[in-house]
Amino acid sequence: MQRFILSKKNHITVISGILILIGFISELGFKNESIAIWSLGIASVLGVAPIAIQAYQALRVKVVSIDVLVTIAVVGAFLIKNLEESAIVTFLFLFGAYLEQRTLNKTRSAIKELTEMAPESALKQMENGEFEEVEVDEVDVGDTLLVKTGAKVPVDGTVLSGEGHINEASITGESLPVSKKKDTKVYAGTILENGTIQIMADRVGEDTTFGKIIELVEEAQDSKSEAERFIDKFSKYYTPAVLVLSFIVWLFSRDIELAITVLVLGCPGALVIGVPVSNVAGIGNGAKHGVLLKGSEVIQDFSKVDTIVFDKTGTLTIGNPKVADQEMYTDNVEEVLAYVASVEKESDHPLANAVVEHIGETKQYSVEKTDVVKGGGIVAQVENHRIAIGNVFLMEQENVSLSEKALSDIKRFEKNGNSLVLTSVDGKLQALMGIRDQIRPGVKEDLQKLKKLGVKNLVVLSGDNQGTVDLVASELGLTEAHGHMLPEDKSAYIEKLQGKGQIVAFVGDGVNDSPSLALAQIGIAMGGGTDVAIETSDVVLMNSDFSRLPHALGLTKATASNMRQNIFIAVGVVLVLLASVFFSEWMNMSIGMLVHEGSILVVILNGMRLLSYKLKY
């Protein structure tokens, strides 16, 4: 029966609300007290049923929860025949709990999502030398595997032969595919975007880096126990105090009505709904401004954050590499760029795509005799001209002379964290382009707002090279910057910060960020990121809008402050009422109930202020 009643709690809330409405219409509109009494009485009984069950369950484990507080208030109101109070208090409590629980019920199927992304099969070399498709569980350390274009790498391993570019975003978060050739390492779950390679299995199953990501998410989520709500902690001491006070009053006065009056006045409806109203208003404001806050615990923890750790790619940066710098060493700019675009359109490499996008619409030439130079770039024949496009190594291979200005430009581009693309026509350098992931517009200003809101440490962790990470940190004024970090490195660093007593929030958008999102006190996901990152997180910035982060932090601080204000108002009213019972002659039950209703209205209006909250700077 208990389980049935609790499962129907939302239905009970609706029915209770309807009965209360019928009761007040009957009494005020039709002067029919009989219907009003029955309606409010039934609403009280229905409403208190699930609350009383939860109170009983809490008492069984020796916890005096807010449910105990409400149950006592309703029973007291029944004994003095104040059905309006009992009905309204139970309804508001149930309705507030429903609104809050609705946010908390966001599914967190991170483990399932990660498991579905894990490789299921592999092309394994058999004893006859042929490659056959087998389940990934059948792969052992030392086996030789074949990975074709577009396939997932099934295990952590070392390249034996072949070459290609692998998208390692699921492991490192880096947007640019990484070139792989003999003796380089590859990771399970990454995707071979082009080329064909044979690898030797070094780590399989749960021992792979991808397997460790899944394990880290599991451990991090398990380590997050649900904290008691502040109001429950308060009522742990407050409720017994009211009970003892009521008993003492009866013991000395033998006046049961006075004792019940003390009991009822000591259980304020404002305290019952003060925190839920603040929560609902804060969550509603966040939703209106593109911020999803997953419950009251998140609001409390986020408001106390003093350290925010950022992933770089897709978080501080856009995650889409573009041409950031360009130098031309010819007067015939349009024709050279047309040559470049014609050749680069033959490739699907991300740097080539960035170049084509940068050049835009231009004249197209027929490309002949295209050759890919290992570790260098591409050489092609266009309109009887030899076009070489690639890095400095390719220019050296092509015997292209680099002037002092070109060398200076190259050094400057590299210092700015660019990947270099040089172009020569018939052995002469014509163009230099620097490609890098762009920092999100307005991020620097947003980070300054976070500092004003009390965040002391701003840290960036990335799988990218240290030089690029340092450049981003320097440009944005971050406290610390660490590159070459795998998911387990990021998680270990967050644990290190937490070990120092810092309250850490982590901001990321990829599967590789999931362990850190789950491990940090507050995980913040960019809404344009992967589902697993969003579901593992506590806060979601919809549409990947970084500018919403300062608003989110400011809102949680305002909401936490609003909760404390409502608690202070509720408790303050109770203290005044109890003092008036003992030290004045004018206080009676009617006046006390009127003040009760007034305090409920005050905390509701105070909580509603959060709906119009805006960050002031």
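I began with T317, which stands opposite I439 in β15. Strands here are DSSP runs of E with at least two residues, numbered from the N terminus. Before going on, I noted that this is a predicted model, where local features need pLDDT of at least 70, side-chain atom pairs count only at pLDDT 80 or more, and totals for chains, interfaces and linings use all residues. Residues are numbered from 1 along each chain as its sequence is written, and side-chain values use heavy atoms, with hydrogens and water left out.

**Entry: β10 and β15.** I looked up the pairing of β10 with strand β15 (residues 428-439) and found it antiparallel, over eight bridges. Two strands count as paired if DSSP finds at least two bridges between them. I also found a salt bridge from D325 to R436, with the closest N and O atoms 3.0 Å apart. D325 lies in strand β10 and R436 in strand β15, so the pair ties together parts that are 111 residues apart in sequence. A salt bridge here needs a side-chain nitrogen of Lys or Arg within 4 Å of a carboxyl oxygen of Asp or Glu. I counted eleven salt bridges in the structure.

**Entry: the six-stranded sheet.** What order do the strands of the open sheet of six take? I read β10-β15-β14-β13-β12-β11, with antiparallel pairing. β10 (317-328) and β11 (367-373) stand at the edges with a single partner strand each, so one side of each has no neighbour in the sheet. The twist averages 20° from one strand to the next, with axes being lines fitted to C-alpha atoms and angles running from 0 to 180 degrees between N-to-C directions.

**Entry: around β13.** Strand β12 (residues 377-382) pairs antiparallel with strand β13 (residues 385-390) over six bridges. Q381 has R386 in β13 as its bridge partner. The two strands form a hairpin with two residues between them, and E383 in the turn has a positive phi of about 55°. On to strand β14 (residues 419-425): four bridges join β13 to it, again antiparallel. I389 stands opposite T423 in β14.

**Entry: the seven-stranded sheet.** I then traced an open sheet of seven strands in the order β8-β20-β19-β18-β9-β16-β17, with mixed pairing. Its edge strands are β8 (291-293) and β17 (480-482), each pairing on one side only. Here the twist averages 15° from one strand to the next. β8 runs antiparallel to strand β20 (residues 539-541) over three bridges, and L293 has V539 in β20 as its bridge partner.
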